[in-house]
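Q: I would like to learn how to read some features of a structure. Can we take them one at a time?

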Amino acid sequence: MKVRRVAVFFILLVLVLSSISVYSDEGNDVYVIPIKGEINKATYQFVKTKVEEISKYRPAAIIFEIDTYGGFIDNAIAIKDVIMEINTPTISFVNNKAESAGVLITIAGEKIVMAEGSTIGSAEPIPNTEKIISMWVSTLKTVAEQRGRDKELVAAMADKDIEIDGVVKKGKLLNLNYKEAKQLGFADYISNDYDDILDHFDINYNKVVKINTDLKMNIAKYLTNPYVSVLLISLGFLGFVIELFTPGFGVGGTLSLISFSLYFGGNIIVGNSGWGTVIIFLAGIVLLLIEVVMPGFGVPGIGGIICVIISIVLTSGSIESAMISLGIAIILTVLAVILLVKYGQTSPYLDKIVLRTRQNNKKGYVGVENKLEYVGKEGIAISLLRPAGIIDIEGNRIDAVSEGSFIEKGAKVKVIKVEGPRVVVRKL
C-alpha cells in the first residue's frame, strides 16, 4: 500500500512538472527589438543591452525589426556578433529597407522576413578602397555561409565588380526588393504582421512584446553622429576662445560648456568614454587657462593641448577619427574667429563680444598719445612679448605687441608700425 502511494506521488509529480514545463514553453514571449536609423555605437549599445535583458526571460524568439540606410562597419559587426551568439531563435524582419551595414545585421538572423515594399542591398563601404571592400565582402560571405545564405548574392551587394547572370550586371550594386529576395531564396518569407511571421515558423508564444528606444538613447545616438560631434567640438572651442577675450563669464563660456557637455555626455551614455576622459579634458582646459593668465615658458599650454587631444582621441575610439574631428573643428574655429574679428563690429548681436564704442578727435576725444615717431626705431624688449609686453626705446618704456611670434626678454626689436595705441614690433 505504501509503495503504491509513493508510486502515485511520483507519477503526479512528473505530471505536474511536465505541465509546468509545457506551460513555460508556451508562455514565453516574443520580443521585437527595433534597429532603425544610423548604425553607430549607440545602436550597438541599445541592441546589446536589450538582448541581455531579454535573455533573462527565456524568450520564445527575438525579432530584429530593421529599417536603416546603414552606418559604421565596426558597429554593424559588433551587432552581428551579438545576434549570432543568441541561443533563442532569431528573425530579421526588414520593414522598409536594409541598406549598407544593415545587410550584415539582416543576414545575422536565422530567418529573414521581408515586409511588402521593402528592399535590401547596396552595401558598398565608404571609403570603397580595395582593402576595405575585400574585408567587408569577406565578412558578409562568412556570415552568409554560417546562416545558409547565398554568399554570392550578398557579395554582389557590396562589390560592383561581381556579376551574376540574370541578377546583376558588372558595375552595379545588387539591390533586391521583397519579391526578388523571396524568388532568389534570399528571404524566407514575406509578411507585414508579427503573428503571421511567428505562425509561419511554428513558434509557440504567449504575446509579442515590442521594445522601444528610450529618449536618452535617441539623444545619445544623435549626439554621437560624427557630423554633430565635429560641430559640438567646434562650438566648444569657439566659445572658449570668445570667453578668453570677454570679461566675466558670458555667452562664450556658456556656449563652450554646453557644447562640450553634450559631446562628452553623449559619448559616456553610449560607452565611448568615461568620467576619466572628462577629467583629462578638464585638466587640459585648466592648463590652457593657466597659460593665458600666467604666461610662462609654454609648459602649461603644451600640457593643456596634449590633454585635450588625448581626451578627444579616447572618446573617438581611434586616432584617425580623432585627428579628423580635431582638424575640422580647429579649421572651423579659426574661420569663425576671423569672421568675428572682421565683421563683428557691424553686427548688432555681437555687442557683448566686440567693442563698438569709438572716440575720435572731431568729437573732442583724445584717447591715447600719438606714437608715430617711434616707427622705424629700434629698442630692447624688457619683458617677454607673448605677444604683448614692454620695450625700451631711448629710455622710454612702451607697451608693444610682437608681429606674430613670441619675443624673449632682452631681444632687439624694431617698430614696424603704429596703429593708434598699438605699437607693433619685429624681432631683429
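Q: Where is the place of Pro127?
A: This is a predicted model. Pro127 is in the loop between strand 5 (119–121) and helix 5 (130–146).

Q: What is the peptide bond from Ile126 to Pro127, cis or trans?
A: Most peptide bonds are trans. The bond from Ile126 to Pro127 is cis, with omega near 0°.

Q: Which residues of the largest nonpolar core touch the most other members?
A: Nonpolar side chains in soluble globular proteins tend to be buried together. Here the largest nonpolar core has 55 residues, and Phe64, Ile107 and Phe186 touch the most other members. Apart from that core lies another, of 19 residues, including Leu232 and Tyr263. Beyond four places in sequence, the contacts of Phe64 include Ile33, Ile35, Val47, Val51 and Phe93.

Q: Is Glu65 buried or exposed?
A: Glu65 counts as buried, because its relative accessibility is 2% and the cut-off is under 20%. Glu65 lies in strand 2 (residues 61–68). Its side chain is joined to that of Tyr194 by a polar contact of 2.4 Å. Among the residues in contact with Glu65, leaving aside neighbours within four places, are Ile33, Pro34, Asn95 and Lys210.

Q: At what angle do helix 2 and helix 3 pack?
A: The angle between helix 2 (residues 41–55) and helix 3 (residues 73–84) is about 10°, and their axes are 9 Å apart. The two helices are therefore roughly parallel. Residues of helix 2 such as Tyr44, Val47 and Val51 meet residues of helix 3 including Ala78, Ile79 and Val82. By class, this contact has 6 nonpolar, 2 polar and 2 charged residues.

Q: What does Thr213 touch, not counting residues up to four places away in sequence?
A: Thr213 touches Pro34, Phe46 and Asn218. It is found in the loop between strand 8 (208–210) and helix 9 (215–223). Thr213 counts as partly exposed, at 34% relative accessibility.

Technical notes
Residues are numbered from 1 along each chain as its sequence is written. This is a predicted model: local features need pLDDT of at least 70, side-chain atom pairs count only at pLDDT 80 or more; totals for chains, interfaces and linings use all residues. Side-chain values use heavy atoms; hydrogens and water are left out. Helices (H or I, at least four residues) and strands (E, at least two) are DSSP runs, numbered from the N terminus. Buried means under 20% relative accessible area, exposed over 50%, partly exposed in between (1.4 Å probe, protein chains only). Contact means heavy atoms within 4.5 Å. A nonpolar core is a set of buried Ala, Val, Leu, Ile, Met, Phe, Trp, Tyr and Cys residues joined through side-chain atoms within 4.5 Å. A polar contact is a pair of N or O atoms within 3.5 Å; within protein, one must be able to donate a hydrogen and the other to accept it, and residues adjacent in sequence count only if both atoms are side-chain atoms. Axes are lines fitted to C-alpha atoms, for helices over the stretch in contact, and angles run from 0 to 180 degrees between N-to-C directions. Angles under 35 degrees count as roughly parallel, over 145 as roughly antiparallel, 65 to 115 as roughly perpendicular and the rest as oblique. Ala, Val, Leu, Ile, Met, Phe, Trp, Tyr, Cys and Pro count as nonpolar, Asp, Glu, Lys and Arg as charged, and the others, Gly among them, as polar.
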